[in-house]
Every structure is written in C-alpha cells, then in structure tokens.
Amino acid sequence: MEKLLYTVPEVAKILRCNPNRVYDLNKAGLLPFMKLGQLKCRREALIAFLEKYEGYDVSDPYHITPLQTDTFDDGV
C-alpha cells in the first residue's frame with residue numbers, strides 16, 4: 001500500500017532536494033502541508049505540485065519561470 005502522507009524529509013528524498021528547499025516551497029504556498037505532530041504532505045498534493053510545475057524553474061519559489069529550451073542547429 002502506498003503512503004498517504006509524507007514528512008518533509010520524505011518529500012525531499014522524492015524531489016531529490018534538500019529539506020530546506022521543501023520548507024521554502026511550503027512557505028511560498030506552492031506545496032501544502034498539515035501538522036500532525038510534524039509537517040506532513042498528502043500524496044495527492046505532491047503529485048499536483050509536480051504536475052503543475054513541470055517545465056518550470058522553481059529554484060526560487062517566489063520567482064517561478066518557464067525552463068529555457070535550448071535548441072541547437074547542427075546545420076543539417
């Protein structure tokens with residue numbers, strides 16, 4: 001059975017980032033959590049976050065920008 005709730009360290013592991021980045025995403029209002037002893041994120045909220053921000057640079061959660069797509073012309 002898949003987990004319904006993830007802790008901050010678990011979300012960080014899934015996103016392959018530092019837990020501080022997860023706290024930043026939460027503070028910016030991009031990734032909602034609830035507090036049940038410690039902060040927990042619903043699986044559905046994490047999936048919605050991933051779907052909504054696919055193709056965007058969320059390195060700075062207060063200034064989200066679309067990813068630049070580099071196109072290379074090889075002259076063919």
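These exercises work through a predicted model.

**Exercise 1. Strand pairing**

Task: Which strands pair with E3, and in what sense?

Solution: 
- Locate E3. The strand spans residues 38–42.
- Take strand E1, residues 5–7. E1 pairs with E3 in the antiparallel sense, over three bridges. Here tyrosine 6 stands opposite cysteine 41.
- Take strand E2, residues 34–36. Three bridges join E2 to E3, and these two also run antiparallel. Leucine 36 stands opposite glutamine 38.
- Check the link. E2 and E3 form a hairpin with one residue between them. Glycine 37 in the turn has a positive phi of about 85°.

**Exercise 2. A lysine in E3**

Task: Is lysine 40 buried or exposed, and what is the nearest side chain of opposite charge?

Solution: 
- Lysine 40 is found in E3.
- Assign burial. Lysine 40 is buried.
- Find the opposite charge. The nearest such side chain is glutamate 10, 7.9 Å away.
- Apply the cut-off. A salt bridge needs the nitrogen and the carboxyl oxygen within 4 Å. Lysine 40 has no salt bridge.
- List the contacts, leaving aside neighbours within four places in sequence. They are Leu5, Tyr6, Thr7, Phe33 and Met34.

**Exercise 3. Aromatic rings**

Task: How many aromatic pairs are there, and which residues form a tilted one?

Solution: 
- Count. There is one aromatic pair.
- Name the partners. They are phenylalanine 49 and tyrosine 53, 5.3 Å centre to centre.
- Classify the geometry. Planes under 30 degrees apart count as stacked, over 60 as edge-to-face and the rest as tilted. The angle here is 50°, so the pair is tilted.
- Check burial. Phenylalanine 49 and tyrosine 53 are both buried.

Conventions: Residues numbered from 1 in each chain as written. Predicted model: local features only at pLDDT ≥ 70, side-chain atom pairs only at ≥ 80, totals over all residues. Heavy atoms only, no water. Helix = DSSP H or I, 4+ residues; strand = E, 2+ residues; numbered from the N terminus. Buried < 20%, exposed > 50% of the residue type's maximum accessible area, 1.4 Å probe, protein only. Lys, Arg positive; Asp, Glu negative; His and termini not counted. Contact = heavy atoms within 4.5 Å. Pairing = 2+ DSSP bridges. Phe/Tyr/Trp six-rings, centres within 6.5 Å; stacked < 30°, edge-to-face > 60°.
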